[in-house]
Amino acid sequence: MILKHDVLIVGAGLAGLRAALEVAGSADVGLLSKVYPTRSHSGAAQGGIAAALGNEEPDSWEWHMFDTVKGGDYLTDQNVAEILALDAPRAIYELEHMGVPFNRTEDGRIAQRAFGGHTRDFGAAPVKRACYAADRSGRVMMDTLYFQAVKKGIRTYPELHMLDLVIRDGQVAGVTVYELATGEIHFIQARAVLLATGGFGKVYKTTSNAFASTGDGVYLAYRAGIPLEDMEFVQFHPTGIYGLGVLISEAARGEGGILRNDLGERFMERYAPTIKDLGPRDMISRAIHVEIHEGRGIGGRDYVHLDLTHLGEKRLAEKLSDISSFVKIYLGLDTAKDLVPVQPTCHYMMGGIPVSVDGEVLDADHRVVRGLYAAGECSCISLHGANRLGCNSLLDLVVFGRRAGLKMVADLGTIPWPVMPKSPEEPVRERIARLKGGRGGEKVAHLRRELQEIMTAHCSVFRHEETLAGALSDIAALQDAFGRVNVESQGERFNTELLEAIELEHLLGLGEAIVASALARKESRGAHSREDFPARDDESWLKHTLIQKQDKGYRIFHKPVTITRFQPKPRAY
Ligand SMILES: Cc1cc2nc3c(=O)[nH]c(=O)nc-3n(C[C@H](O)[C@H](O)[C@H](O)COP(=O)(O)OP(=O)(O)OC[C@H]3O[C@@H](n4cnc5c(N)ncnc54)[C@H](O)[C@@H]3O)c2cc1C
């Protein structure tokens, strides 16, 4: 079947939904999602969304901008951080008016709490900047925006997977999709396509991300020749539930939670004397690793404790109830009485598809690809630099999702209907036939586990030339083995084994891009910590990495960082 929309949005998380709401009413829009829309990972966001409202204590957008730049270890493009911080209060009130039930202060204003790396007076002390709805902020935002989308009659396509992004002569022609329920393949023609497909934490063994976070949009753009930016910057969140990776939001520390080592010490006092447990995530994850490495993990093992016991049952029930219930369900522990075992978990991808401040996708020559846009975690707008601050992602989604929507509507007047490619579904049919007809005996689950183990062992919080180089050749061997993958389920309906094979191909490509970019950057900055190059090196490395797929292998090149107000300084907290 061939379908047609002026604008097609791939991804119904908060970035895709916010963009769709902007387009609806001005142009015909379709919204595609491989999971049921409200199951998108945005719904799992816990802690909150940042904005310098100053509802609890004095705050300013300039402090927010500064924190974003410093948090990103000065790799953040400062013009982008300025747009974010300035637009944040408007974005929050807009969400409020749409119906998001934020927590309230005693006098009825939107309540705010402290979060890692958010400070007052350019780093003097933590500030309450995160707006929240208990510890289910993403859930209420998703439900509200989805409700608005239904109200506006936006056409949604649930459980349809994009398997190919078709670009012809520098213009997007549309996407080829696979219908989970029937196995049918459709082509959706569009004048503008927005990729809002989220992150790819599933490259790692331990992650806070959803099963669907396999980076399909990022990989398909990469395969179509679009370079990827700053892929080496992978955020590890300090407090994943030990062994599982399920997230315990930074809100837990925002509300006063404390990290402790085997000696019971509040060890963050040594690493971030000013803001302690509210340091940025890269720093705390490194600190945890150092504590463990130096033998102060709990009982000598590879985790530390998160102590919430002093917060009291009432506060835990009011502000951290979901987290407390995860701890109960997964560990059988009570946050009011027990210490919670935690270890860093892969959480967020700073890198992705390079875009302008209006979401236009940029090619290797930094030129706009006609008709192609991206927003949200799949994009790299250079806002989060080398390390994202907590609560800045939800804000990024609604601020830049909206801007991409506005831009698409504005551009439609000048984008003609693309020429319909001949048999656009053919490459996807071939891809599927190859997987279903495979006889090599390699198993998807096995290869995926190997990839996740390689990435976790050699390209997580600390990295080193030797192990990165080894990881790169190991991934190449897995890619080779993928050619011998054997999908046993031959059925058409709900063939999840087939889709998992396809997702694995994407993860392998993205894993390679992460490791190759990490190997190339010979310094330590933000979340990229090289044991063999422990210092930040602004002279040689204050620049963005770009990696582009070639017929054989890839090439790596760079582009400058935009610095407007804040000159790079050593980063202390
Ligand atoms: C557990 C957790 C807690 C978090 N808490 C916070 C927080 O408190 N504050 C904060 O600021 N940030 C938080 N983050 C980060 C933030 O939630 C994410 O970065 C953000 O939600 C990503 O949104 P998105 O719209 O880009 O993508 P997602 O919400 O991940 O949505 C991706 C969409 O793309 C669709 N899709 C993907 N591939 C395909 C395909 N091939 N075909 C069709 N559709 C496809 C999916 O179906 C889905 O609809 C958290 C993240 C996690 C994992």
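Helix 12 (residues 426-437) packs against helix 15 (residues 496-520) with the two axes 10 Å apart and at an angle of about 110 degrees. The model is a predicted one. Angles of 65 to 115 degrees count as roughly perpendicular, and helix 12 and helix 15 are therefore roughly perpendicular to each other. On the side of helix 12, the contact is formed by R431, I432, L435 and K436. Helix 15 contributes L498, A501, I502, E505 and H506. Sorted by class, this contact of helix 12 with helix 15 holds 5 nonpolar, 1 polar and 3 charged residues.

Helix 15 also packs against helix 5 (residues 216-223): their axes come within 9 Å and cross at roughly 70 degrees. Helix 5 and helix 15 are therefore roughly perpendicular to each other as well. From helix 5, the residues D216, V218, Y219, L220 and Y222 take part. They meet E503, E505, H506, G509, L510 and A513 of helix 15. The contact of helix 5 with helix 15 consists of 6 nonpolar, 2 polar and 3 charged residues.

A shell of 37 residues surrounds the ligand, and the closest are S40, H41, S42, G47 and E377. By class, the shell divides into 15 nonpolar, 18 polar and 4 charged residues. Four elements each supply at least two residues of this shell: helix 1 (14-23), strand 7 (160-168), strand 14 (340-349) and helix 11 (392-412). Helix 11 gives the largest share, 4 residues.

| Residue | Protein atom | Distance to a ligand oxygen atom |
|---|---|---|
| A12 | backbone N or O | 2.8 Å |
| G47 | backbone N or O | 2.7 Å |
| E377 | side-chain N or O | 2.6 Å |

On its own, the ligand has 1,000 Å² of accessible area, and the protein covers 97% of that area. G47 and E377, both listed in the table, are also among the closest residues of the shell. For A12 and G47 the atom concerned belongs to the backbone, whereas for E377 the atom lies in the side chain.

Conventions
Residues numbered from 1 in each chain as written. Predicted model: local features only at pLDDT ≥ 70, side-chain atom pairs only at ≥ 80, totals over all residues. Heavy atoms only, no water. Near = heavy atom within 4 Å. Polar contact = N/O pair within 3.5 Å; in protein donor to acceptor, adjacent residues only side chain to side chain. Areas by Shrake-Rupley, 256 points an atom, 1.4 Å probe, with all protein chains shown as cover. Nonpolar A, V, L, I, M, F, W, Y, C, P; charged D, E, K, R; others polar. Axes fitted to C-alpha atoms, helices over the stretch in contact; angles between N-to-C directions. Parallel < 35°, antiparallel > 145°, perpendicular 65-115°, else oblique. Contact = heavy atoms within 4.5 Å.
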